[in-house]
Amino acid sequence: MARTVVNMPAQAKRGEIIEIKTLAGHTMETGFRHSERGEAIPRDIITQFVCTYNGVEVFRAELSPAIAANPLITFTTVATESGTLEFKWLGDKGFTAAHSAKLNVV
Amino acid sequence: MKRGVLFTAAAVLVAAAFAGEIPLAERRSGYDFMSRETRAMQDDDATNPGMLWVLEGESLWNRKDGERSCADCHRDAASSMKGVATRYPSVDATGRLLNLEQRINACRVERQKVPALAFEGRELLALTAYVTRPSRGLPIEIKVDEKVRPHLEAGRTAFHRRQGQLNLSCAQCHDERSGIKLAGNTIPQAHPTGYPIYRLEWQGVGSLQRRLRNCYIGVRAEPYAYGSPEFVELELYLMWRARGMKLETPAVRP
C-alpha cells in the first residue's frame with residue numbers, strides 16, 4: 001500500500017519556519033523475524049525519504065529496520081519562495097511513493 | 001420462612017454479581033489512560049496512522065465490486081454513514097445479530113454479489129474504519145429491545161464468567177481493578193470507543209475481536225473464532241456498557 005499523508009500549511013510568510021508532517025503506509029518488516037515455519041522473513045523497509053523544495057533538497061532521512069511501521073517524519077523548513085515541495089520515499093522490493101504540495105509564500 | 005430466606009439469598013447474590021459495575025459517570029475511555037504523546041498522535045489526523053486505513057477505505061468505498069460500489073447506493077459516507085457505527089452490533093431484519101464488519105460483508109454478499117472479505121484482513125478493516133469515521137464524536141447508542149436483550153444478557157454473562165487456566169472473568173480486571181497496574185500497564189475499563197484501533201503494539205489496525213482474542217489468550221482461555229456469535233454478543237455487551245460515550249475511531253492505543 002503506497003499511501004501517504006502530508007500535512008503542511010498552504011500559505012506562509014517569507015522567512016517563516018513551517019512544520020511539515022509526513023506519514024507513509026509501510027509495514028517496515030525488519031528482516032530479523034522468522035515465520036511460523038522458521039523461515040527468515042526478508043527485510044522490507046523504507047530506506048530513504050527525501051524532500052525537495054523547488055528542486056532543492058531541504059530534508060533527507062535514511063531509515064533503518066529499527067523504525068516503526070508507518071513511519072511519521074516531521075521536520076521544518078524556511079519558506080523562501082512560492083513553489084512546490086516534492087516528497088519521495090524509496091525502499092526495499094522497489095517500493096516508491098511520492099507526494100507533492102504547493103506552498104504560497106506572501 | 002425458608003422460602004423467604006432463599007429469596008433474600010438469591011437477591012443478595014444478584015446484587016453481588018453486578019456490584020462491581022462501574023457507575024456511568026465514572027466511566028473513562030482508554031484515551032484517558034494514555035500518555036500525552038499517544039493522545040497527540042490520535043488527535044491529529046496528520047499523525048494518526050489509522051488515517052492510512054481510512055483513506056484506503058475511501059478508495060474501496062468507491063471501487064466497483066461485482067455489480068456496484070458501496071457509493072452507488074450509499075453515496076457520500078460522510079452523511080449516509082453518520083451515526084451508523086454507534087448502533088452496532090445490532091439485530092437485522094432477518095433476526096441475525098451482526099457487528100459492523102459482518103454488516104459490511106452481508107451487504108457485499110447480498111447486494112454486491114461478491115465474496116465476503118476476510119475478518120481482520122486489510123480491506124475489511126479499512127472499510128470498517130472508513131464507515132465508522134463519520135461517527136467520530138457521536139455517542140454510542142445501542143438500542144435494547146426484545147430481539148436484542150437475549151444477546152445482551154448472553155454477553156453480560158460471558159463478561160462475568162470466569163474462564164481460562166487463570167480462571168478470571170473480564171469483570172474482575174475491567175470492572176473491579178481498572179485503573180491499577182497489571183505489570184507495567186494500567187488496566188483500562190474496556191470501553192470499545194475507538195475500534196477499529198491503531199495499536200502501537202500491533203503496528204497496525206485491528207478490530208475489537210482481535211483485542212478480545214488478546215484478552216482470552218491472556219487468561220489462557222481458547223479464543224472464539226472471528227465472527228462467532230459468542231464474540232459478537234460480548235461486543236454488544238461492551239458497546240452497551242459504553243453507551244453514551246463518544247466514538248474516537250480511528251483511535252490510537254499503546
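What is the mean pLDDT of chain B, and what share of its residues reach 70 or more? The mean is 91, and 93% of the residues of chain B reach 70 or more; pLDDT is the predictor's confidence in each residue, from 0 to 100. Residues are numbered from 1 along each chain as its sequence is written, and chains are lettered from A and ligands numbered from 1 in the order in which they are written.

**Confidence**
- The model has an ipTM of 0.87 and a pTM of 0.89.
- Over residues 6-17 of chain B, pLDDT stays under 50, and the model has one contact (heavy atoms within 4.5 Å) beyond four places in sequence for them.
- Where pLDDT is low, the predicted coordinates should not be read in detail.

**Interface of chain A and chain B**
- Chain A brings 12 residues to the contact and chain B brings 14 residues.
- About 1,100 Å² is buried between the two chains, 64% of it on carbon and sulfur atoms; buried area is the accessible area (1.4 Å probe) that two parts lose on being put together, summed over both.
- One salt bridge is counted between the chains, with a side-chain nitrogen of Lys or Arg within 4 Å of a carboxyl oxygen of Asp or Glu as the rule.
- A:Lys21 and B:Asp44 form a salt bridge through their side chains, at 2.5 Å from N to O.
- On the side of chain A that touches chain B, strands S1 (4-7) and S3 (17-24) of chain A each supply at least two residues; strands are DSSP runs (E, at least two residues), numbered from the N terminus.
- S3(A) gives the most to that side, with three residues.

**Strands of chain A**
- Strand S4 (residues 46-53) and strand S7 (residues 83-91) of chain A run antiparallel and are joined by seven bridges; two strands pair if DSSP finds at least two bridges between them.
- S7(A) also pairs with strand S8 (residues 96-105) of chain A, antiparallel, over eight bridges.
- A:Trp89 in S7(A) stands opposite A:Phe49 and also opposite A:Ala97 in S8(A).
- S7(A) and S8(A) form a hairpin with four residues between them, and A:Lys93 in the turn has a positive phi of about 55°.

**A sheet in chain B**
- Three strands of chain B make an open sheet in the order S6-S5-S7, with mixed pairing.
- Strand S6 (204-206) and strand S7 (252-253) of chain B stand at the edges with a single partner strand each, so one side of each is left without a neighbour in the sheet.
- Strand S5 (residues 197-199) of chain B runs antiparallel to S6(B), joined by three bridges.
- B:Tyr198 has B:Val205 in S6(B) as its bridge partner.

Methods
Predicted model: local features only at pLDDT ≥ 70, side-chain atom pairs only at ≥ 80, totals over all residues. Heavy atoms only, no water.
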